Amino acid sequence: MSAVSDTTPANRYLASFPPGEVVEFPVAGLDVLDVELHNAALPTTSRHPGGSGLGYGATREEARTGALGEMAEMALSARALAGAPRVEASFADLVRKEGAGRVQDPRTLALEAGSPYDDDRVLQWLPMTRLRDGESVLVPAELVASSAGDLPGPPPPGGWLTTVISNGQGAGFDAERAVVHAVLEVLQRDGNATTYRAMDRGVVVDLDGLRDPDALALLARLDAAGIDVTVKLASTDLGVVDVYVVGCSRDASEPVPIMATASGEAAHPDRDAAVRKALHEFAAARGRKAFMHGPLDVVARATPPGYLDDWLAGHPPERLVAEDRALSAMLDWTALGTPALVDLLRGTVLAHRSTVRLTDLPTWTGSDLHGHVVGGLHDRGFDVLVHLRPSDGDAVAAKVLVPGCEVETMSYGRIGERGVRRLRDRDDPLVAVGADPGGWGRVHLTAAAEERLGGPAWFDNDGARRRVGALYPLYREPGRHVVAQVLDKREVR
């Protein structure tokens, strides 16, 4: 069944799930800025897998739509994959049976450097659709999934090939919108995989010439609230402007210190659109970080009565501190005040080493975003692989992979040919090509990629871990309210 065509986007998402089960509300009062931040959650029941989302935007309706869309991505992914049959075989066996064009080589998907993989390792596989020709392609299941819960049942004999991540998800009311949303997220993460956070190159964007009215209005609000904001450039590769926004209050007055580490990211063919999205995500991220990781009494004041008790009852902390690097690092951060957190970021995230003018960055005014972005990737020789996840209503979610694009290099050591080339071109000592430096992880590359690079490639996993150091919570965060629960238990002891 379909929701009525004249309902709002948020209500169309809502109507795509079991009636009366989605819990949603604005999160308000966490920040002096008080920009729109909305929560939506679908509890897990026998009728539908659960999901949750936090949304932001220039208006409450835009934030509500974002939250419900993110919730849809998670819930529809779990539903689509939970009962999907998985093929268990090695890459070599599948190529012999299906042909090379029907199986995606794991070496093109940025595996963790040094991890055990060869063509005879038995994996589990799920089908995706290659947009270029509509053919079905088998892909390692953990690359199709977006959370560990999407893959019930036992793993393959040698364990999962890599950590499941949510990158490359999108939602909308038709396949093209869901896909382009997901592709832009892939390009955003690829563009800043080694130019952001601990790898920040300090390229600041001069915003003179910005025309987007929502972006200009938000900049004025931030300034009036005493919050300094910096827009930085990650890349202009693969047809998009990839930017991120960082900043903090001028007087270190964040109500919850973790808010000073907020950031917003965006990639879009149009520079103004990218800046607008990144600014709104940054402004909302201040409240999001306080909501996710702040004290429970602060969260209780910003949410409806009963929300926190209900959430905590169904979501106890999954792991102890010593077992989770992200949780351990975030707990360290909670012991720091705002000035100390800002000092931690000065040499990287807040650094200003060079300037580019916004008006020198690409712009785009077309109407076919899907055709422009996906077609541009095809023109550059990249494939786009898609797994669609329909709902019982108008909403559809998509998971997208772009073989050759990369993500989680500094957190999980996932790197491929593009990452090696980018770091080598910058003379970064984290990569080497040729002889084994000793103790480094070999980068999983196809024979053709090694030939293009001039030999086998190596990544210094230990060096990457040292480079990230105390900044790890900028890469991976613990779950919702877990930090506060762990701290509360410590106080009880």
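## Burial of Arg418

A residue is buried when its relative accessible area is under 20%. In this predicted model, Arg418 has a relative accessibility of 17% and therefore counts as buried. Arg418 belongs to helix H14.

Leaving aside residues up to four places away in sequence, Arg418 is in contact with Asp190, Asp237, Leu238, Phe382, Gly404, Cys405 and Glu406. One of these partners, Gly404, is also among the residues that lie nearest the centre of the second largest pocket.

## Aromatic pairs

Six aromatic pairs are found when the whole structure is searched. In the pair formed by Tyr13 and Phe173, the ring centres are 4.6 Å apart and the planes meet at 40°, so this pair is tilted. Tyr13 is located in helix H1 (residues 9-14), whereas Phe173 is in the loop between strand E7 (169-172) and helix H5 (175-192); the pair thus links distant parts of the chain, 160 residues apart. Both partners are buried: Tyr13 has a relative accessibility of 5%, and Phe173 has a relative accessible area of 18%.

A second pair consists of Phe25 and Tyr307, which are arranged edge-to-face, with 5.1 Å from centre to centre and 65° between the planes. Because Phe25 lies in strand E1 (residues 23-26) and Tyr307 in helix H9 (residues 307-314), this pair ties together parts that are 282 residues apart in sequence. Phe25 is buried at 5% relative accessibility, and Tyr307 is buried with a relative accessible area of 9%. These two residues also belong to one aromatic cluster, together with Phe291 and Trp311.

## Charges over rings

Two arginines are placed over aromatic rings already named. The charged end of Arg12 sits over the ring of Phe173, at 4.1 Å from the ring centre; Phe173 is the partner of Tyr13 in the tilted pair.

The charged end of Arg480 sits over the ring of Trp311, at 4.5 Å from the ring centre. Trp311 is a member of the aromatic cluster that includes Phe25 and Tyr307.

## The buried face of helix H11

Helix H11 (residues 338-345) has Thr338, Leu341, Val342 and Leu345 as its buried residues. Viewed down the axis of H11, these residues fall within an arc of 100°, so they line one face of the helix. The elements against which the buried residues of H11 pack are strand E10 (241-249) and helix H10 (325-334).

## Pocket and cavities

The second largest pocket has a volume of about 380 Å³. Its lining comprises 19 residues, of which Thr108, Pro403, Gly404, Glu417 and Arg452 lie nearest the centre. Helix H14 (417-425) and helix H15 (447-453) each contribute at least two residues to this lining; H14 is also the helix that holds Arg418.

The largest cavity contains about 210 Å³ of space and is lined by 20 residues, with Leu143, Asn167, Leu401, Val407 and Arg414 nearest its centre. Helix H4 (141-144), helix H5 and strand E14 (396-401) each supply at least two residues of this lining. Strand E14 gives the most, with three residues.

How values were computed: Residues are numbered from 1 along each chain as its sequence is written. This is a predicted model: local features need pLDDT of at least 70, side-chain atom pairs count only at pLDDT 80 or more; totals for chains, interfaces and linings use all residues. Side-chain values use heavy atoms; hydrogens and water are left out. Rings of Phe, Tyr and Trp (its six-membered ring) pair if their centres lie within 6.5 Å; planes under 30 degrees apart count as stacked, over 60 as edge-to-face and the rest as tilted. Helices (H or I, at least four residues) and strands (E, at least two) are DSSP runs, numbered from the N terminus. Buried means under 20% relative accessible area, exposed over 50%, partly exposed in between (1.4 Å probe, protein chains only). A charge sits over a ring if NZ of Lys or CZ of Arg is within 6 Å of the ring centre and within 35 degrees of the ring normal. The arc is that of the directions from the helix axis to the C-beta atoms. Contact means heavy atoms within 4.5 Å. On a 1 Å grid over the protein atoms alone, a cavity is a set of points where a 1.4 Å probe fits but cannot get out, and a pocket is an open set with protein on both sides within 12 Å along at least five of seven lines; lining residues have an atom within 4 Å of a point. Grid points are joined across faces, edges and corners, and a volume is the space filled by probe spheres set on the points.
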